[in-house]
Amino acid sequence: MKIFVCVKHVPDSAATIVVRDKNQIDDKITFLLNPYDEYAVTEAVKLKKNLIQNGASSSLGQAQQSNQIEIIAVSLGTSDAEKTVRSAMEMGADRGILIKTDDRHQDSITTAKALKAAIEQDCSNQVACEDQSKEQEPAIIFTGRESIDMGGMQTMFRLGAYFNFPVVNNVVKFAPDVNFSVNRKVIVETLTEGGGRDVYEITLPCIIGAGRGLNTPIYPTFPDVVKARKREIKILTLSDLLKGSESDNKGAKTEIIDLELFAEKRTPKSIKGNASQIAKEIVKILKEEAKVI
Amino acid sequence: MKKTAVIIETKDGVIKEANYGMITCAAKDNNSELYAFIINEEVEPFKAHLKKHGIDKIVDISIPIDSDNHENQRSYEKSFNPILWSDALTQALTTYEISSLFALTTPIGKELLPRIAAQLEAPLVMDCLDVVKNSDNSCNDNNVCNSNNSSYLNSDFHLAKTSLYSGKTIATVKVTGDIRLFGIRPNAIEPSIKLSISKPKIENQDNQDQDQQGSFNIESSIIIEKFIAKNRYAQKSKIKLIESKKGDSSGNDLVAADVIISGGRAMKNSENFKILQDCADAIENLGVSSTAVGASRVAVDLGWVPYRMQVGQTGEKVNPKVYIACGVSGSIQHFAGMKMSKIIIAINENINAAIMSNCNYFVEADLFEIVPAITKELKR
C-alpha cells in the first residue's frame with residue numbers, strides 16, 4: 001500500500017520578501033516545508049502506524065506489513081526543494097520524489113498534472129509493487145490544505161480530478177473505518193463555516209487536504225534526521241514528466257505578471273488621556289473617519 | 001455576448017452583504033451578460049436587490065436527492081453539500097455557456113470553486129482583491145495595462161489582483177482559458193450601491209419597501225430560469241457526506257465584518273473575551289456596521305477561543321474598515337491576516353509591541369480599562 005504526501009517548499013512566513021525582475025522574489029531567504037503539509041506528513045505517519053498495529057490479525061507479520069506500507073513524499077520545485085522533501089522524510093516518510101523545475105512558480109494545473117504523472121510512474125514501478133500486483137495506484141494522497149506562499153487552495157482538487165479520486169480539504173479529523181481492511185473506507189471531518197464539521201465516508205483511493213489541528217506535527221529527533229539522510233530521493237524533471245501533455249488544456253492558465261510589495265504606509269498616532277478621554281477619541285474615529293457608527 | 005455568473009451566498013434566507021462587492025466586481029465587464037446562480041433558495045425576494053446591482057438573469061438551481069427521473073414526486077437537497085453543489089454548478093455553467101464565474105472566498109466558496117475548476121480544468125484565482133477584464137478601461141491606474149505589455153492587449157484575458165507570500169506582496173495574475181474562475185475576498189471590493197445596513201431584519205423591510213415602489217419594472221426586467229441539476233452522486237458514490245454538524249452561526253462572519261475587535265495574549269483567559277463582545281455588540285447596536293470578535297493565534301492555541309476566530313497566516317484573512325487589536329503583539333503572521341484593514345487601532349500596555357509601530361492609532365494603556373470605557377461611550 002502506497003501513501004503519498006505532496007509537500008511544498010515555501011518561504012518562511014517570517015522572511016522578508018524582496019521583489020526581483022518584476023514578478024519574482026529574491027530567493028536568498030529561508031524556505032521550509034509548508035506548515036499545513038506538516039499535518040499531512042504527520043497524518044500519513046500516524047495512519048501507517050495504525051494500520052501496522054491493527055493488522056496483527058492478518059497472516060502477515062508486523063515487519064512484513066511495515067514493508068508493505070510505504071509513505072512517499074513528493075514535491076515539485078527547484079533543486080533546493082530537496083530540503084523540504086528531506087524534512088518530510090525526517091518526519092517519517094520512507095522515501096522522496098522531487099520533480100525538478102527551473103522556475104520556482106508553476107501554476108496549479110501544471111503542478112497537479114506533474115504530481116499525477118510522478119505518482120503514476122512510481123506506482124507502475126513493478127519492483128516496488130511486486131508484493132501486491134493489483135496495487136498499481138496510490139491508496140491515499142495527503143496534501144496540506146493550502147500553501148502559505150500562493151494560497152491557491154486548489155491543487156488537491158485538480159489532482160483528484162485527474163485521478164478521478166474523491167477529495168476532501170481542510171480535514172481536521174481522520175480515521176480508517178472499523179472495517180477498513182475489508183471495505184477500505186475512511187471517515188473524515190472537515191471544518192466548515194462557524195466552526196461546524198462535515199463528516200464524510202470515503203472509499204479509497206482518495207485525496208485528503210490536511211487542515212490546522214488535524215494532529216500535532218511530528219518534531220523529528222536527531223536519530224530521525226540521521227536515518228532520513230540515508231533514504232532515497234528520486235529526482236525527476238518537469239519537462240520529462242509532462243512530455244506530450246502540455247497543450248491539451250486549451251490555453252487555460254494563470255501567470256503572475258507583476259508582483260509588488262504591499263506597502264504599509266501607516267504613521268501611528270498616539271491617543272492619550274484618561275480612559276474616558278481615550279474612549280471618546282476612539283468613538284470619534286469610528287464615527288468621523290471610519291464612518292462605521 | 002459573453003456571459004459571467006456569480007454564485008450568491010445566503011444566510012437565513014437573506015443575501016449575505018459580502019456578495020454585493022463581488023457582484024460589483026463582476027458587473028464591471030460591460031460586454032457581458034450577468035447571471036446570478038442561487039442554489040436551493042426562494043429567489044423571488046432577491047430580485048430587486050440583484051437587479052439594482054446589475055444582475056440580468058437569475059438561475060434558480062435545485063438538486064434532487066435521488067437520481068431517478070420521477071419529476072413529480074421529487075425531493076430536493078436542502079443543505080449545503082460541496083460535492084453535489086459543485087457538480088450542479090458545473091452543469092449550470094456548461095448549460096448557460098458561462099465564461100467567467102465569481103464566488104466569495106468563504107468556507108463555501110473554498111469548497112465550490114476549486115471543485116468546479118478541477119472538473120472543468122479551468123484556471124482559478126482565489127482570494128482576489130480585484131478582477132478586471134482586459135478590454136476594460138478601468139485599469140488605467142494599473143501599470144500592467146499600459147506599460148510594456150502591449151502584446152497582452154490584443155488577446156482576451158482577465159487580470160486578477162491577489163495577495164501572495166503571506167500578505168507581503170500584491171500580485172497581478174493574468175488568467176486565460178475558455179472558462180475562468182475567481183474567488184473574491186469578502187469586503188475587498190466596495191459595492192457600487194450601499195443598499196442597506198447589514199442587519200438582516202432591516203434589510204428585509206427595506207427590500208419590501210423597494211418592491212412595492214418599483215415592483216413592476218423590476219419584475220419585467222429580471223429573468224428567472226429554473227435549473228434542475230442531475231444528481232450524479234446519489235448512488236454508491238466513493239464519497240458520501242454522512243453528517244453536517246452545524247457551526248455557531250449566531251455571530252457575524254469574521255471575514256465579512258466591517259469592524260473587528262481582536263484579543264491577544266493580554267486577554268489572559270476565555271471569560272475576558274466577553275468585554276470585547278460587549279464592545280462589538282455596542283457598535284453593532286448602532287446599526288451601521290457588522291462587527292465581529294477575533295483573536296490572535298496565541299489566544300486560540302491556549303484554548304481561550306475557537307479556531308474559527310483566529311486572524312492571521314493560518315487563520316482568517318480579513319479586510320475590515322476598522323481593526324481594533326487589544327493586547328495583540330502584532331507578529332508578522334498576525335499581520336498576514338489583517339494588514340489590509342483600513343484603520344488599525346492598537347491598545348496595548350507594551351509600547352514596544354510590534355503592532356504599536358504599525359497601526360494608525362495606538363493607545364498605551366490597559367485594555368481592561370479602555371475597552372469597557374469605549375463600550376460605555378458607545379452606549380451613551
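1. Basis. This is a predicted model: local features need pLDDT of at least 70, side-chain atom pairs count only at pLDDT 80 or more, and totals for chains, interfaces and linings use all residues. Residues are numbered from 1 along each chain as its sequence is written, while chains are lettered from A and ligands numbered from 1 in written order.

2. The ten-strand sheet. The 10 strands form an open, mixed sheet ordered β14(A)-β9(B)-β8(B)-β7(B)-β10(B)-β6(B)-β1(B)-β4(B)-β5(B)-β11(B). Strands (E, at least two residues) and helices (H or I, at least four) are DSSP runs, numbered from the N terminus. Strands pair if DSSP finds at least two bridges between them. β14 (253-261) of chain A and β11 (223-228) of chain B each have a single partner strand, so one side of each lacks a neighbour in the sheet. Twist averages 35 degrees from one strand to the next; axes are lines fitted to C-alpha atoms, for helices over the stretch in contact, and angles run from 0 to 180 degrees between N-to-C directions.

3. The link between chains. β14(A) runs antiparallel to β9 (residues 169-176) of chain B, with eight bridges. A:Glu255 lies opposite B:Lys174.

4. The six-strand sheet. This open sheet has parallel pairing, in the order β15(A)-β17(B)-β16(B)-β15(B)-β13(B)-β14(B). Its edges are β15 (269-270) of chain A and β14 (291-295) of chain B. Five bridges join β13 (residues 259-263) and β15 (residues 322-326), both of chain B. There, B:Ile261 has B:Ile324 as its bridge partner.
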